There are 2 protein chains.
Amino acid sequence: MRLSVDPNRVLSDLRELARFGPYKTGVHRPTFSDEDVAARRWFAGKLSEAGLDSSIDGIGNVYGLCPGPGPKILTGSHLESQNHAGWLDGALGMVFALEAARAIGRGVDVAAWCDEEGHFGSFIGSRSFTGLLEEAEIDRLANRYDGTPLRDALARAGLAGVARRQVEPGRYRGFVEAHIEQGANLEQSGLKIGVVTAIVAIWQYRVSATGEQNHAGTTSMARRRDAGLALVRLLGEIDRRFPDLAGPASVWTTGRITLEPGAPSIIPGKASMLFQFRDANPAVLDRLDAELRRLVAEASAHGPCPMEIEVLGQSRPALMDEGLQSLIAAAAERLRPGCSVRMPSGAGHDAQYLARVMPAAMMFVPSIGGISHHWSENTADEDIVLGAEVYCHAVAAALEAA
Amino acid sequence: MRLSVDPNRVLSDLRELARFGPYKTGVHRPTFSDEDVAARRWFAGKLSEAGLDSSIDGIGNVYGLCPGPGPKILTGSHLESQNHAGWLDGALGMVFALEAARAIGRGVDVAAWCDEEGHFGSFIGSRSFTGLLEEAEIDRLANRYDGTPLRDALARAGLAGVARRQVEPGRYRGFVEAHIEQGANLEQSGLKIGVVTAIVAIWQYRVSATGEQNHAGTTSMARRRDAGLALVRLLGEIDRRFPDLAGPASVWTTGRITLEPGAPSIIPGKASMLFQFRDANPAVLDRLDAELRRLVAEASAHGPCPMEIEVLGQSRPALMDEGLQSLIAAAAERLRPGCSVRMPSGAGHDAQYLARVMPAAMMFVPSIGGISHHWSENTADEDIVLGAEVYCHAVAAALEAA
């Protein structure tokens, strides 16, 4: 199969998209900001130019639907960015999807899932499409930075009262999303294409210790119940124990530690931390969960500060479709032999929700220095172009297989 | 010597003072709040009633000066409270000083040092009196909670343009301050009077680690430079090493830990902590300082996150006058044999600045449960009364010795 993938068109579309909310060498395009809404309209226009029926639905998803009968493959990613972040995260997958629609010319639907970056909620666009977002949740959600209700943001974008599109049963043979890796595995191994095997589960916790707030000068070390120290000791145990129990791709992170009241001369009476781990293997997730609970219980029993553990979220790993994985790997092998590797995705993506309603797959291109969620995020032009070729050929192959 | 110390007068004055800014069983009387200014005026009135020349100077210090010739002992503490804190911290020392002036009838000057609790600065009242506060610092200071410039607060209290009183050379034979212990040493040993040997030095630091902010899902454990984890490991080393190097009364505290950006799914790129230790022994202070620097340097060299240590303050221990200590101990022994013990003060007090310009001493009464800087702070009435008796006899003895 010969496809008319146009490298210059891909790169120039990406650069044009990066002009919506430019920030240093990246973009600042939060969901439903003026720049984001303008980018959605611009992208809808590009979809129309490509011959698709374009629309923006009541949750902000942008669609380009291929008219006519026959099997369809759904493609896409997201348009908004993290705050002050990179120009390719999401945008790359959107332009690849657009190019696939143009290059293949039939059977390719395109979707930009709204707010993958979570300014208002958690994957509201793809969850809306897959029937997992209730109106009541939309009523409740607000911008996590400035508190703007999601309803107000939707109204401001002209989307109040607009229907939300849901997946049309039987229309799709699968969903394929391209994305930057956001890690350094491809770069470090000199490879160009990551074929995603699964999107990891994220298990998130808040662990809190309760001590006794007291004067840091007059309270002897023996008498103290220092909640901050209790938490530091727990973290030391996690640091010692987790490597033995983790899988080869497991990651665990303490993103925040809060000591109360947080004053230099006051022994913390309360301390809490946000802790998470990720893996694609349910057995590993269960093992890490059990060990965390054991360490917290042990620290709590040992004293002097009782501890509590609260589950903030326990998602499930999303397995990518084996058939689609093979088609991506085969396209990569044909275009650049030996350039691809199978790997899990450590980050969450809309594909994890699409995988609940249809075969889904993801493909990664290298991130320079593994950097993401930062304005300096980048990918070499030649890697972008190779990625677009592989993506379009994989989507075309999926359509043929269908 | 028989002194007419009046227990009921002491207790009723304390209870009346607690009506300025009542909060639960304690008080909320921040420096230059309406309640604090009213308390200063009320106290000045009590000093006048006691036959002293009362005034409030340009930094907010309240003075009651004994007219006439002869040796003088300076007494006092502070009137303002920490936010939502106890009714005795500062107030006890003020009412004891007032009672000493009344009971002894001659030679006792009383001073309430403004803002010992540090709402605007660090010991501005006693530093002003001892010549250690420049006008430029007053220009610069502002309320740490609401940002009100100190100049504005002084003007609002009617003190703009009022002269600041400084110590009159040769007037005083010494300064004696009574205070609640704020710790539990007296209570746990069943003793009633703490004779303070020294006010400890506080050495304060900010330690920062610089890592690489990155995605908590896509960055493998091996590739991470997690600034938060680096700090947690350093704190583990401090926790292991300090007990061997510390003196018996040393205390060390991490009051705040900040991870940046502090999000659940982002590996902290920066982490910092406020760390302090206290001791009255310069050799111990030097040893802990050296060990802290060694551990930071080691962690920094070991990697992967370089660390910096910044000194925020290194005060010096203030030794209390031996002669005055003996007079307090003797008064305690006479009134209640075996009730006193010598001990360092782990908290800072105005006496540490007075000690620079005259012999200074401090006396503690027990704190129930060792609680302070909390509205539930308290001392048994009988302990307050015994403390007032010991205090007045010690001040009288100091006057006689003079």
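At roughly what angle do the axes of helix α3 and helix α12 of chain A cross, and within what distance do they come? Before the answer, note that this is a predicted model, in which local features need pLDDT of at least 70 and side-chain atom pairs count only at pLDDT 80 or more, while totals for chains, interfaces and linings use all residues. Residues are numbered from 1 along each chain as its sequence is written, and chains are lettered from A and ligands numbered from 1 in the order in which they are written.

Within chain A, the axes of α3 (residues 91-104) and α12 (residues 381-401) come within 9 Å and cross at roughly 55°, where axes are lines fitted to C-alpha atoms, for helices over the stretch in contact, and angles run from 0 to 180 degrees between N-to-C directions. Helices here are DSSP runs of H or I with at least four residues, and strands are runs of E with at least two, numbered from the N terminus. The residues of α3(A) that make the contact include L92(A) and F96(A), and those of α12(A) include I384(A) and Y391(A), two residues being in contact if their C-beta atoms, placed from the backbone, lie within 7 Å.

Turning to the two chains, the contact between them takes 45 residues from chain A and 45 residues from chain B. On the side of chain A that touches chain B, α8 (227-245), β11 (251-260), β12 (266-267) and β13 (270-279) each supply at least two residues. Because 98% of the interface residues of chain A are also interface residues in chain B, the copies meet through the same surface.

Chain A can be laid on chain B with an RMSD of 0.1 Å by a turn of 180° and a shift of 0.0 Å along the axis, the superposition being by least squares on the C-alpha atoms of residues with pLDDT of at least 70 in both. The two copies are therefore related as by a two-fold rotation axis.
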